[in-house]
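Please examine the sequence and the structure shown below. The briefing that follows describes them by topic.

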Amino acid sequence: MTDTDDSAGWFAGGTSASAEAAGDESALRARIADGEADAPRDWPHLAVESGFADSRADYYDRLHEASVAATREAVRERERADDKQLVHAVRAMDDCERTANELAERAAEWAGSLFDEAEPGIEGARAVAEREPDGELERRAVSLSARVADLAAERDALAETIDRIAPAVAPNLAEMAGPELAARLIALAGGLESLAKKPSGTVQVLGAEDALFAHLSGRAPSPKHGIIYTHEYVRNTRPEDRGSASRALAGKLTLAARVDHYSGERRETLHAELRERMATIRARAEEGKDDDRSGGDADAEGDV
Amino acid sequence: MYGEPTADGWRAWDPGRSKLGGMFELGFQTGLSGGETVLYLGAASGTTVSHVADFAGPTYAVEFAPRPARDLVEAAEPRDRLFPLLKDARTPTRYAHVVESDVDAIVQDVATRGQAEVAVRNARFLADDGRLLLAIKARSEDVTAAPEAVFESALDRLREAYEILETRRLDRFHEDHLGVVATPK
Ligand SMILES: C[S@@+](CC[C@H](N)C(=O)[O-])C[C@H]1O[C@@H](n2cnc3c(N)ncnc32)[C@H](O)[C@@H]1O
């Protein structure tokens with residue numbers, strides 16, 4: 001572009017304020033978000049010269065309006081994209097794990113017929129993958145084990161990615177639940193926004209419909225917990241207090257998801273309150289009380 | 001005009017939270033006295049840049065992380081000469097179509113690896129007599145190296161595009177940070 005050319009400016013192609021159509025404003029926002037120029041120019045001056053703005057002050061007013069709107073939009077888009085990425089990552093991780101385990105069985109069975117010391121599972125497949133094959137059949141069996149090892153490595157890499165991005169997508173939820181459980185809750189709900197809009201009773205049993213938890217929910221008439229069972233606060237609480245623990249945890253997780261969705265700031269009080277509540281629940285065990293409240297709502301204060 | 005920002009404009013700044021506030025407090029020659037055009041790199045949620053916009057002139061605020069940028073937008077909305085941009089300071093061509101040339105000051109506080117490089121790439125926005133007000137965080141470059149060594153190599157890179165006018169450790173307010181004032185070569 002030349003020095004007399006204003007076509008690289010974000011306002012190029014835009015008409016003066018008086019003639020502006022609704023479509024113009026969104027085109028201008030898109031230019032701010034996606035435009036480029038090799039070098040900055042005296043844009044206020046060029047904008048006035050080209051008739052886009054009446055004066056420098058008018059130019060800045062319009063830039064203010066457009067940059068606030070464009071950036072607000074870009075932020076929303078990026079955040080939406082991020083929680084969707086997290087959902088993809090956690091689902092891919094589960095697929096890798098399931099497929100790796102399934103294939104490991106087949107690989108181990110095969111390897112067992114060829115080699116004496118073949119061990120089952122992913123570890124066994126890793127060992128077989130290291131072998132020097134002899135002949136076509138061994139080559140295939142060793143190669144199959146190598147695929148299993150690769151899939152398991154991909155699963156681990158996905159877990160690391162989730163550990164990294166979950167705190168950015170949902171800082172409070174990730175801190176409270178751990179990155180992986182946070183990602184799973186978001187995935188089960190179908191996104192951070194829909195998780196934020198669920199009542200805590202729903203969050204409490206999210207994932208209970210899963211085959212993985214069928215045997216757990218099968219023990220009780222109605223499930224006390226879904227995937228949040230994997231949280232230390234539920235799992236390591238004695239059975240008669242687990243209902244209270246999962247209710248308290250689900251209540252705070254729901255609030256964490258809301259804070260993450262609506263403000264994005266870390267809220268220390270949430271975490272402190274949950275720690276206190278859990279200390280109270282666990283103190284029951286130490287005091288030797290065994291009042292089973294898991295069926296009732298006597299301590300449903302964790303609900304929102 | 002707002003007069004010297006050491007009077008009222010920046011009293012509200014907490015020099016312990018804002019690197020620029022710390023530089024003012026330590027008596028750096030920032031060249032800011034009110035009304036300047038400013039490009040601010042690493043605006044985060046807008047704490048410091050909103051103070052800057054209150055006493056300076058047109059202020060462009062660049063931040064690349066969506067979460068703090070959300071608050072930056074809220075801080076910018078009521079300030080009609082503060083322009084928030086969700087951009088990566090390492091690729092100035094993505095905002096050179098918005099940010100004007102010959103700004104009076106670039107304030108940079110990105111605290112990520114390659115801080116000198118970011119300053120060099122953004123030198124194109126600065127007027128010949130404009131100033132770069134830069135905070136370098138040693139640990140963002142290399143956690144294991146001695147801060148002095150990190151600062152030296154950052155300054156070497158800076159000298160390719162800038163003349164260094166002043167450097168001083170900000171440790172009183174910000175541990176392992178170096179404050180730098182520079183002007184284009
Ligand atoms: C130390 S904080 C800035 C605090 C802010 N200057 C204040 O005083 O209120 C650093 C910010 O720079 C942002 N940042 C880091 N690298 C960046 C880049 N390449 N482009 C834009 N922003 C960046 C980070 O996301 C973070 O919000």
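**Strand 4 of chain B and its partners**

Strand 1 (residues 38-41) of chain B pairs with strand 4 of chain B in the parallel sense, over four bridges. Two strands are said to pair if DSSP finds at least two bridges between them, and helices (H or I, at least four residues) and strands (E, at least two) are DSSP runs numbered from the N terminus. The model is predicted: local features need pLDDT of at least 70 and side-chain atom pairs pLDDT 80 or more, whereas totals for chains, interfaces and linings use all residues. Residues are numbered from 1 along each chain as its sequence is written, chains are lettered from A and ligands numbered from 1 in the order in which they are written, and side-chain values use heavy atoms, without hydrogens and water.

**Further features of strand 4**

- Leu39(B) has Ile106(B), in strand 4 of chain B, as its bridge partner.
- Strand 4 of chain B also pairs in the parallel sense with strand 5 (residues 126-137) of chain B, over five bridges.
- Gln108(B) stands opposite Leu134(B), which belongs to strand 5 of chain B.
- Strand 4, helix 4 (residues 115-121) and strand 5 of chain B form a right-handed β-α-β unit; right-handed means that, with the strands pointing away from the viewer, the path from the first strand over the helix to the second runs clockwise.
- Five of the six residues of strand 4 (residues 103-108) of chain B are buried, so this strand is largely enclosed by the rest of the structure. Buried means under 20% relative accessible area (1.4 Å probe, protein chains only).

**The ligand**

- Among the 18 residues around the ligand, those that come nearest are Tyr40(B), Thr48(B), Glu63(B), Asp88(B) and Ala89(B); a residue counts as near if one of its heavy atoms lies within 4 Å.
- An N or O atom in the side chain of Tyr40(B) is 2.8 Å from a nitrogen atom of the ligand.
- For Thr112(B), an N or O atom of the side chain is 2.9 Å from a nitrogen atom of the ligand.
- The protein covers 86% of the 610 Å² of accessible area that the ligand has on its own (Shrake-Rupley method, 1.4 Å probe).

**The two chains**

- Chain B has six helices and seven strands, and 58% of its 185 residues count as buried.
- Chain A contains 13 helices and zero strands, and buried residues make up 42% of its 304 residues.

Technical notes
Polar contact = N/O pair within 3.5 Å; in protein donor to acceptor, adjacent residues only side chain to side chain. Buried < 20%, exposed > 50% of the residue type's maximum accessible area, 1.4 Å probe, protein only.
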